[in-house]
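Please report on the fold, the metal site and the backbone of this model. Keep it brief.

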Amino acid sequence: CCSYRLRNALHPLWQSPLSIPGGSRQSPINIQWRDSVYDPFLKPLKISYDPTTCLHIWNNGYSFLVEFDDSTDRSIIVGGPLENQYRLKQFHFHWGAINEWGSEHTVDSKFYPAELHLVHWNAVVYPTFEEAVMEGNGLAVIGVFLKLGAHHEGLQTLVDALPAVKHKDTVIEFDVFDPSCLIPSCPDYWTYAGSLTTPPLTESVTWIIKKKPIEVDENQLEAFRMLLFTSDGEEEKRMVDNFRPLQPLMNRTVRSSFQ
Ligand SMILES: NS(=O)(=O)c1ccc(CCNC(=O)Nc2ccc(Cl)cc2)cc1
Ligand SMILES: [Zn+2]
């Protein structure tokens with residue numbers, strides 16, 4: 001129960017303060033469905049990814065990141081709550097040691113076993129990702145909940161590559177993958193102004209959280225849990241519970257694209 005919160009709060013990644021001093025828009029948050037406000041002016045989110053922009057999978061010692069060539073506008077999102085188009089840079093996941101928790105956001109205080117983050121940056125306004133990370137409208141992250149259920153064919157190609165990045169700071173080439181196969185076809189989402197959930201925790205993220213989860217099977221979740229936080233040769237620590245504790249909503253409203 002609360003022990004995992006303590007462990008998480010003390011986890012090396014989050015030893016920095018739970019929310020940055022003066023932070024008024026920190027993530028993740030609980031999404032209370034009945035408190036979200038339908039906004040009829042929200043547009044559908046348009047997603048167009050070029051699978052050949054996929055580069056590699058990298059175990060950064062906290063998660064595994066699938067990184068993309070973001071030197072052009074070949075893989076972008078536009079519409080939704082966004083005023084500009086945003087370029088896909090990477091996607092990664094957060095997950096738990098068991099299926100009872102693992103997601104960063106919760107819905108009506110319910111955790112999912114895992115959560116996918118597709119990270120995009122505003123290359124219309126900012127020259128580099130690093131600069132966009134520091135600006136209020138710099139990033140747009142699509143969050144997709146994973147729930148235990150049917151085998152996910154698209155995810156399996158990724159799962160098959162994970163043993164090659166078992167240890168921290170290992171990389172494997174991964175040159176064709178279309179991450180839109182990981183995004184539910186249902187267009188419904190919630191959106192709110194938030195932050196990165198890992199250091200530097202900057203308040204630069206427009207969050208777009210899909211209402212519908214995707215289904216993955218137990219073997220696929222277990223494949224995430226066999227990754228390691230540790231480098232080859234170090235005492236093995238399984239990569240699990242790499243999610244940040246919930247942050248206060250403060251003076252924010254979560255909007256929904258659906259009634
Ligand atoms: N979790 S997020 O979408 O707010 C987020 C998006 C982008 C960044 C900057 C790139 N760095 C990165 O992605 N690092 C990372 C990812 C997962 C874990 Cl578990 C730990 C560290 C940080 C957080
Ligand atoms: Zn994340």
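In which strand is T206 found?

## Basis of the report

This is a predicted model, in which local features need pLDDT of at least 70, side-chain atom pairs count only at pLDDT 80 or more, and totals for chains, interfaces and linings use all residues. Residues are numbered from 1 along each chain as its sequence is written, chains are lettered from A and ligands numbered from 1 in the order in which they are written, and side-chain values use heavy atoms, leaving out hydrogens and water.

T206 is found in strand β13, residues 205–210. Strands are DSSP runs of E with at least two residues; helices are runs of H or I with at least four; both are numbered from the N terminus. At 17% relative accessibility, T206 counts as buried. Buried means under 20% relative accessible area, exposed means over 50%, and partly exposed lies in between (1.4 Å probe, protein chains only). Not counting residues up to four places away in sequence, T206 touches P81, L82, L139, A140, V141, T191 and Y192. Contact here means heavy atoms within 4.5 Å.

Y49 lies in the loop between β3 (45–48) and β4. Y49 is buried, at 10% relative accessibility. Its contacts, not counting residues up to four places away in sequence, include R74, I77, L118, H120, D178 and I183. Y49 and E234 are 185 residues apart along the chain, and their C-alpha atoms are separated by 38 Å.

## Overall fold

The protein chain has 4 helices and 15 strands. Its radius of gyration is 17 Å, close to the 18 Å that the globule rule gives for 259 residues, so the chain is as compact as a globular protein of that length. That radius is taken over C-alpha atoms, and the rule is 2.2 Å times the number of residues to the power 0.38. Along the principal axes, the C-alpha atoms fill a box of roughly 50 × 45 × 35 Å.

Of the 259 residues, 54% count as buried. Among contacts between residues at least 6 apart in sequence, 73% join residues at least 24 apart. The accessible surface comes to about 11,400 Å², and 55% of it belongs to carbon and sulfur atoms. Areas come from the Shrake-Rupley method with a 1.4 Å probe; for residues, only the protein chains shown count as cover.

## Nonpolar cores

The largest nonpolar core has 43 residues, and F64, F91 and F93 have the most contacts inside it. Such a core is a set of buried Ala, Val, Leu, Ile, Met, Phe, Trp, Tyr and Cys residues joined through side-chain atoms within 4.5 Å. Elements that give two or more residues to this core include β5 (64–68), β7 (86–95), β10 (139–148) and α4 (218–225). The largest share, 5 residues, comes from β7.

Leaving aside neighbours within four places in sequence, F64 is in contact with residues including W58, F91, H92, F93, W95 and F224. Another core lies apart from the largest one; it has 21 residues, among them W190, Y192, L196 and V254.

## Zinc site

H92 (NE2), H94 (NE2) and H117 (ND1) coordinate the zinc ion (ligand 2) at 2.0 Å. Donors are N, O and S atoms within 2.8 Å of the metal (3.2 Å for Na, K and Ca); water is not among the atoms, so sites may look incomplete. The donors follow the spacing H-x1-H-x22-H along the chain. H92 and H94 are both buried.

The ideal angle for four tetrahedral donors is 109.5 degrees.

## Backbone exceptions

Most residues other than glycine have a negative phi, and most peptide bonds are trans. The bond from S27 to P28 is cis, with omega near 0 degrees. P28 is in the loop between α1 (2–10) and β1 (30–31). The bond from P199 to P200 is also cis, with omega near 10 degrees. P200 lies in the loop between β12 (189–194) and β13.

D108 is not a glycine, yet has a positive phi of about 50 degrees. S109 has a positive phi near 70 degrees. D108 is found in the loop between β8 (106–107) and β9, and S109 lies in the loop between β8 and β9. D108 is partly exposed, at 37% relative accessible area; S109 is exposed, at 53%.
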